[in-house]
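Trainee: I'm new to this one and would like to learn how to read it. Can you walk me through a few features?

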Amino acid sequence: MADDGHPRGRLAGRLIGLGVTGSIAAYKAVDLVRRLQDQGADVVVLLTPSAARFVGPLTFAAISRHPVEGDVLALLPDGRIGHIVIADSVDALVVAPATAHWLGAMANGLSGDSVTAACLATTAPVVVAPAMDGDMYAHPATQANVRRLRDDFGYALVEPESGPLASGQQGIGRLAESGRIVDAVVAALAGRPIREPRSERRPPTVAPVRDPDLAGRRIVITGGGTREPIDTVRFIGNRSSGKMAVALAEAALDRGAAVTLVAANTTVSLPDGATIRQVETTGQLRAAVLEALTGPGDEAGPDALIMAAAVADFTPTRPSAGKLTRGERVILELSPTPDILAEAARIARGLDAAGEPTRQALRPVPVLVGFAAEAGSLDRAPGKLVRKQVDLIVGNDITAPGSGFGTDTNRVVIFDASGGQEALPLLAKREVADRILDRVARLLGERDATDVDGDAATRQTVGPTHEGQP
Ligand SMILES: Cc1cc2nc3c(=O)[nH]c(=O)nc-3n(C[C@H](O)[C@H](O)[C@H](O)COP(=O)(O)O)c2cc1C
């Protein structure tokens, strides 16, 4: 992994479709997935029905983190046609191992399985690595099919190797070593741009099954983007969809937490299991966060607060009570909004605006996580962590491909209070959510271990401050 958080490798950022057919060498495709991933590729696997009898789809789904495309007649859950989605989004298709039967089907354009169908439908380069008994490979029919794929279709052939075969024979027919196949993929892609960076056009991902390691924890998450009124109908807003917060909420629920989601103008459906607080403005979001933080009455506050909402930095100083009409020139004066995360951190730690102890801290102090959406460099993120006195800042460059508002993926760097930083590759937002929650779970465990009083029910509740209330 590079320091800048971008995965390194000869296939960094690439999506590779791996077609596996019904050869005894199908098990070697598992290693090939890993070798492609080692080079930074995201791999989606297609199986012929025969291949699925050699190696189960579960194995490939678990290691590739994508549902396996094994039934040419089945649709994806969202209604898209799987082999077409793969054909249209992959940077390259690799068929390894390719059986004699599959070579014949492909040479004749017979799209009876997902692998041939995707190869027919794609304009991406195709790399084919045959594997079979030596006599099968030497047969004129097989050789004619290989020639047709190579010479007429322009496919890159990775010739099989010589050695002992499953049939008991010695001869040419062993699947080429994974390294040779990876080299052929790299060579086929030389000089080509990433074909489909938009995650929503790529194949879906599968979420891993997690332990309920947040059972009994209460987590407050903010998401979406606030809107600051200019007049009764207009507002200043931002493009945040709430996808990252929803991914965090769903992941926390799956791990057993009780979740409150403070949702500001989100454009995605919200998880059923969460308590939802709908807000519109920064002022409303602040009120909802401070109420959730301190808990009404005797109720204990949350174990963690994760501020993923895109909160307006400015609000119109004097919003118009009516609807502004066309004609007059309007000068909009903007005032800064309060820094809700910093304020929440001060309350949690019992500090005043100058950072001096002023009252008892919440006990235990909730884990505080902020997001820093930056356009370009993340240099400012560690400073934000120190200034706001939070445990983690998740920095993301919203201008990077596949990152930021409205996308299904994100590329983030997690900064922690001990000065460490963890740069994650481009991941599905759900995966990013789980990585963040891994950190939260760890911090909660450490906090429990050091909390000598250890009784969350006795934690202090402190009323919200009112400085800067818009
Ligand atoms: C144990 C076993 C191993 C096989 N290995 C190969 C092989 O390495 N190469 C091959 O071309 N066919 C092999 N076959 C035959 C294929 O599985 C068969 O032709 C099948 O129809 C291929 O289907 P597909 O090309 O749609 O995946 C094997 C069959 C069996 C029973």
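Predicted model: local features only at pLDDT ≥ 70, side-chain atom pairs only at ≥ 80, totals over all residues.

Trainee: Where is Thr 226 found?

Mentor: Thr 226 lies in the loop between strand 8 (218–224) and strand 9 (228–229). Helices (H or I, at least four residues) and strands (E, at least two) are DSSP runs, numbered from the N terminus. Residues are numbered from 1 along each chain as its sequence is written, and side-chain values use heavy atoms, with hydrogens and water left out.

Trainee: Is Thr 226 buried or exposed?

Mentor: Buried means under 20% relative accessible area, exposed over 50%, and partly exposed in between (1.4 Å probe, protein chains only). Thr 226 has 0% relative accessibility, so it counts as buried. Its side chain makes a polar contact with the side chain of Thr 282 (3.0 Å). A polar contact is a pair of N or O atoms within 3.5 Å; within protein, one must be able to donate a hydrogen and the other to accept it, and residues adjacent in sequence count only if both atoms are side-chain atoms.

Trainee: And which residue does the side chain of Thr 315 make a polar contact with?

Mentor: That's the side chain of Glu 228, at 2.9 Å. Thr 315 sits in strand 14 (residues 314–316) and is buried, with a relative accessible area of 13%. Leaving aside neighbours within four places in sequence, Thr 315 is in contact (heavy atoms within 4.5 Å) with Glu 228, Glu 333, Leu 334, Ser 335 and Thr 337.

Trainee: How many residues of helix 6 are buried?

Mentor: 6 of the 8 residues of helix 6 (residues 114–121) are, so the helix is largely enclosed by the rest of the structure. What covers them includes strand 1 (15–20), helix 4 (82–89) and helix 5 (100–107). At the start of helix 6, a side-chain oxygen of Asp 113 comes within 2.8 Å of the backbone nitrogen of Val 115.

Trainee: How are two packed helices described?

Mentor: By the angle between their axes and the distance between the axes. Axes are lines fitted to C-alpha atoms, for helices over the stretch in contact, and angles run from 0 to 180 degrees between N-to-C directions. Here, helix 10 (residues 243–254) and helix 14 (residues 429–450) pack at about 60°, with axes 8 Å apart. Helix 10 and helix 14 are therefore oblique to each other: under 35 degrees is roughly parallel, over 145 roughly antiparallel, 65 to 115 roughly perpendicular, and the rest oblique.
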